[in-house]
Structures are given as C-alpha cells and as structure tokens.
Amino acid sequence: MDAFELPHAHGKHLHTEDIKNVLADTERFGAVSEIFKQLSDPARVRIFWLLCHREECVVNIAALMEMSSPAVSHHLHSLTESGLIESRREGKEVHYRAADTERIRMLHGIVEQVMEVACPEHKVDYGASQEEIVRKVHDHLMEHLSERISIDDLARMFLMNTTTLKTVFKRVYGTTIAAHMRTHRLERAAALLKTTDREVTEVAKAVGYDSAARFATAFRENFGETPSEYRRHARGE
C-alpha cells in the first residue's frame, strides 16, 4: 500500500500517516468534544473545580455557588453522565466529588492554569522543577504528621502524576514516601515521649497512628523497646 501524500508539499513533515490515522478516529475526538461541551458552561466549570477540592452534597454546593439546589442537581447529573464527577450515597444524602483519575487531575490543572489561580490547599508553582515540587510535598507532609494523606490526595493537591511523584520523591530522599514518613513519625513520637507527659495513645494519634497497638509494634521494631520502656530509659528512670 502506497504511503499517504498530501496534495501540496509545504516542506518535509514527519508522521503524516500517523496523524492522518488518529484524525480518522472520530469516535475518540467525539469523546473529547463531549468533555469540553460539559465544561463550556461556566456554572459546570465552577462546580467541577469545587469538587476537585472537596466532596460536597447538593445543598452545600448550592450554598457555595449561590444557586438553587434544583439547578445544581441538573449540572451534577450532566457532569456525572460525562464521567467528570462521581457520587456516593450516605443514608438519604448523596455526596459528589471529582472522579479520581489522571485525566481528571489534568483537566483540573488546565482549568487552574487558564484561570491563573492556585489550589486552595497548596500553591503550586507551575514553573517549578519536579524536585522543587516534591520538596514542597515533603514539607506539607511534615506539617501534617498526624494525618494519613494518600498518594492520590498528594497527586491531586500538587498536580503531579502519582508514578512521577513516587519516583521523584525516592530520587530526592532516597526512600519511598511511606518509609520516609514512618521514620519521621516514629522520631517525632520518640521526642514527644521524652519531652512530654502525654499518654502513649495521645502520642500515637499525634503522629498519625489511630491504633495504639500498631504504633507500639512499629515503635518497638524501630527502637527495640516499647514506647513506655523508651520513655523510662530516656528519662533515666
């Protein structure tokens, strides 16, 4: 089969055949068109942006948007049908949030770059290197040791692909995010045990452990003794 050639030769261009084949896939372009059609309505863009940052019910969305609940419900139905947002039911109430996919995170980033606004959760410098962004991720985690923040949440917050985030973090800090955080949590716990009289359960919660038993096990694996034993020895008791 002969290679495709354009009627007019305006210089040499690569991948003409590949470009033509992609252009022929009208179904996929139609899917993209549907997404942009949803985001052609300013109210829907506002709702989408809101739900990229938090999960909310119809009533709260309506209050934040200063719209009626029926009007918000109409937009939510369209956004859900297009796959941009997802919902879950809790009793009689339905909660909505942006779909947790890489494509949605990219759309979220595009919206904010076009608007020239930063995420309320954290200002992201779009010109920063991956290493600089990862250092900001690290600082954020250190400031929130008592919270269990997932990789997906970090990716959404800092607009970085989850795989890239994990890879660059390990390159910068020499270990995985989970292992790095475990070390810092236990070191912070040791400092609290040594310098305060807080109960072990309180110390556990302060460094992100809901289970005192799990905290005690992790602490012993790291320091070779239980939290109570560590406190006594550290104070020379």
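Student: In which hand does helix 3 pass helix 4 where they cross?

Tutor: Keep in mind that this is a predicted model. Helix 3 passes helix 4 in a right-handed crossing.

Student: What is the angle between helix 3 and helix 4, and how far apart are their axes?

Tutor: Helix 3 covers residues 42–53 and helix 4 covers residues 58–65. They pack at about 120°, and their axes are 11 Å apart. That angle makes helix 3 oblique to helix 4.

Student: Why is about 120° not called perpendicular or antiparallel?

Tutor: Use the cut-offs. Roughly perpendicular runs from 65 to 115 degrees, and roughly antiparallel needs over 145. The angle of helix 3 and helix 4 is about 120°, and the pair counts as oblique.

Student: At what angle do helix 7 and helix 8 pack?

Tutor: Read this pair the same way. Helix 7 spans residues 130–143, and helix 8 spans residues 151–158. Their angle is about 125°, with the axes 11 Å apart. Helix 7 and helix 8 are therefore oblique to each other. Their crossing is right-handed.

Student: Let me pick a residue. Where does E131 lie, and is E131 buried or exposed, or in between?

Tutor: Start with the general idea. Under 20% relative accessible area is buried, over 50% is exposed, and the range in between is partly exposed. E131 lies in helix 7. Its relative accessibility is 29%, so E131 counts as partly exposed.

Student: How far apart are E131 and R28 in sequence and in space?

Tutor: Keep the two distances separate. Along the sequence, E131 and R28 are 103 residues apart. In space, they are 34 Å apart, C-alpha to C-alpha.

Student: Which residues form the nonpolar patch on the surface?

Tutor: I19, V22, L23 and F29 form it. Together they have about 390 Å² of accessible area. Helix 1, residues 16–23, gives the largest share of the patch, with three residues.

Student: Last one. Where is G236, and how does its accessibility read?

Tutor: G236 lies in the segment after helix 13, which covers 227–234. At 66% relative accessibility, G236 counts as exposed.

Methods:
Residues numbered from 1 in each chain as written. Predicted model: local features only at pLDDT ≥ 70, side-chain atom pairs only at ≥ 80, totals over all residues. Heavy atoms only, no water. Patch = residues over 30% accessible without salt bridge, like charges linked within 9 Å, V, L, I, M, F, W, Y side chains within 5 Å. Areas by Shrake-Rupley, 256 points an atom, 1.4 Å probe, with all protein chains shown as cover. Salt bridge = Lys/Arg side-chain N within 4 Å of Asp/Glu carboxyl O. Helix = DSSP H or I, 4+ residues; strand = E, 2+ residues; numbered from the N terminus. Axes fitted to C-alpha atoms, helices over the stretch in contact; angles between N-to-C directions. Parallel < 35°, antiparallel > 145°, perpendicular 65-115°, else oblique. Left-handed = near helix turned anticlockwise from the far one by under 90°. Buried < 20%, exposed > 50% of the residue type's maximum accessible area, 1.4 Å probe, protein only.
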